[in-house]
Amino acid sequence: MAQVTVSVEYGMHCLLWLIDKGETPLSCRDLADLQGLSPTFLAKIFAKLEKAGIVRATEGVRGGYVLARKPEDISVLAIVDAIEGHKPLFDCQEIRGRCAVFGDSPPAWAMAGICSIHAVMLRAEKAMREVLAAQSLADIAQAVYRKAPPEFPNELQEWIDRRISGRGRKSGAASTAS
């Protein structure tokens, strides 16, 4: 978690659109178009989410992705770790032993125990992970829908319905989860 990248933001926004869709899959192309993203970029994110068991892919012309678990059972931390991997917030380089005053051999007191700076960063990372673990995809969805006008869910569903009904109309169109 050295830096939470834009991939997490895009992935989480797209996961929000899968809530309340039940077994109606949305393709990476649909989700990408909904967010104004590259379908190829999003497919890489969703491959990671699928590997982590957050989404499940369905195949076929009307295939795509559905949530593999209930939104309240998907923590923000699980999403971040799935997309970014479990990287430390801080990578201590043990600079404390390189002080010019020490020459080539730093004294034992300077190197004893964990680096004080690293200790602070570890506590910060622990606190951040606890906050991310305490928030679910459902929590975020509730916050979004509290802000959205009442007609937004219907407008979203209509957009999705148009996309789904239009799949498979082109000759030879065969689509999988991407």
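A nonpolar core is a set of buried Ala, Val, Leu, Ile, Met, Phe, Trp, Tyr and Cys residues joined through side-chain atoms within 4.5 Å. The exercises below apply this idea and others to a predicted model.

**Exercise 1.** Determine which residues have the most contacts inside the largest nonpolar core, and which element supplies the largest share of this core.

*Solution.* Begin with the core itself, which has 34 residues, and in which Leu 15, Leu 18, Phe 46, Leu 49, Val 55 and Ile 79 have the most contacts. Next, list the elements that each supply at least two residues, among them H1, helix H2 (28–35), H3 and strand S2 (64–67). The largest share, seven residues, comes from H1. Finally, take Phe 46 as an example: leaving aside its neighbours within four places in sequence, Phe 46 is in contact with Cys 14, Leu 15, Leu 18, Cys 28, Leu 31, Val 55 and Tyr 65. As background, nonpolar side chains tend to be buried together in soluble globular proteins.

**Exercise 2.** Work out how helices H1 and H3 are oriented to each other, and describe the residues through which they meet.

*Solution.* The axes of H1 (residues 6–18) and H3 (residues 39–51) come within 10 Å and cross at roughly 75°. Angles of 65 to 115 degrees count as roughly perpendicular, and H1 and H3 are therefore roughly perpendicular to each other. On the H1 side the contact involves Ser 7, Tyr 10, Gly 11, Cys 14, Leu 15 and Leu 18, which meet Phe 41, Leu 42, Ile 45, Phe 46 and Leu 49 of H3.

**Exercise 3.** Decide whether Asp 20 and Cys 92 are buried or exposed, and describe the setting of each.

*Solution.* Asp 20 is found in the loop between H1 and H2, and its phi is near 70°, a positive value in a residue other than glycine. Most residues other than glycine have a negative phi. Since exposed means over 50% relative accessible area, Asp 20, at 71%, counts as exposed. Cys 92 lies in the loop between H4 and helix H5 (108–111), and at 18% relative accessibility Cys 92 counts as buried. Leaving aside its neighbours within four places in sequence, Cys 92 is in contact with Cys 115 and His 118; the C-alpha atoms of Cys 92 and His 118 are separated by 6.0 Å, although these residues are 26 residues apart along the chain.

Technical notes: Residues numbered from 1 in each chain as written. Predicted model: local features only at pLDDT ≥ 70, side-chain atom pairs only at ≥ 80, totals over all residues. Heavy atoms only, no water. Axes fitted to C-alpha atoms, helices over the stretch in contact; angles between N-to-C directions. Helix = DSSP H or I, 4+ residues; strand = E, 2+ residues; numbered from the N terminus. Parallel < 35°, antiparallel > 145°, perpendicular 65-115°, else oblique. Contact = heavy atoms within 4.5 Å. Buried < 20%, exposed > 50% of the residue type's maximum accessible area, 1.4 Å probe, protein only.
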